[in-house]
Amino acid sequence: MRSFVLILLIGLAVAVPSGADAKKKKPDTPEDKLNCKQLTGRIQIKIMEMRGFSDRKQASALARGIQSGFSATLGNLSHGVDPNGEYQGELNTLQQYNQRLVTLGCKSYDLEAELNKRDIDDVPAPTIPPPKKAKAKN
């Protein structure tokens with residue numbers, strides 16, 4: 001009986017924190033209403049999170065399979081089961097944010113160059129000047 005209770009408590013200790021992570025916060029501002037400064041900040045954070053993805057050791061297929069089974073059984077998130085798919089999704093989001101900067105007439109990022117930098121202290125900065133506005137004819 002004691003071992004069952006111990007296993008149950010350990011299972012709950014593992015499941016409960018990840019269940020709290022499953023609740024997503026409601027965004028402060030809808031993404032289509034973000035200004036240049038807010039978009040720039042989000043892009044900087046995403047770039048710093050994504051840097052070095054190809055250098056990181058990924059979990060084995062066995063570990064991902066086990067995690068997938070646990071997530072189906074316990075109802076936890078399947079975060080980490082498909083790291084390449086998650087990376088591609090994050091990259092698509094970055095590209096959408098960057099395109100929105102261009103649309104708003106803000107400085108934008110060279111995403112490929114920023115993602116390839118390896119220095120952890122190098123804070124990403126927009127380097128591509130905003131598009132030139134057409135002059136109004138009088």
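Select Ser108 to begin: it sits in the loop between helix H4 (83-104) and helix H5 (111-116). Helices here are DSSP runs of H or I with at least four residues, strands are E runs of at least two, and numbering goes from the N terminus. Keep in mind that this is a predicted model, where local features need pLDDT of at least 70, side-chain atom pairs count only at pLDDT 80 or more, and totals for chains, interfaces and linings use all residues. Residues are numbered from 1 along each chain as its sequence is written, and side-chain values use heavy atoms, with hydrogens and water left out.

Is Ser108 buried or exposed? Its relative accessibility is 3%, so Ser108 counts as buried (under 20% relative accessible area with a 1.4 Å probe, protein chains only; over 50% would be exposed, and in between partly exposed).

Next, show what surrounds Ser108. Beyond its neighbours within four places in sequence, Ser108 contacts Asn98, Leu101, Val102, Pro126, Thr127 and Ile128, a contact being heavy atoms within 4.5 Å.

Hop over to Leu101. Skipping residues up to four places away in sequence, Leu101 touches Ser108 again, and its other partners include Cys36, Leu39, Ile43 and Tyr109.

Of its 13 residues, Ile43, Ile47, Leu94, Leu101, Tyr109, Leu111 and Leu115 touch the most other members. Helix H2 (36-50), H4 and H5 each give two or more residues to this core.

Finally, zoom out: the protein chain has five helices and zero strands, and 19% of its 138 residues count as buried.

Terms used
Core = buried A, V, L, I, M, F, W, Y, C linked by side-chain atoms within 4.5 Å.
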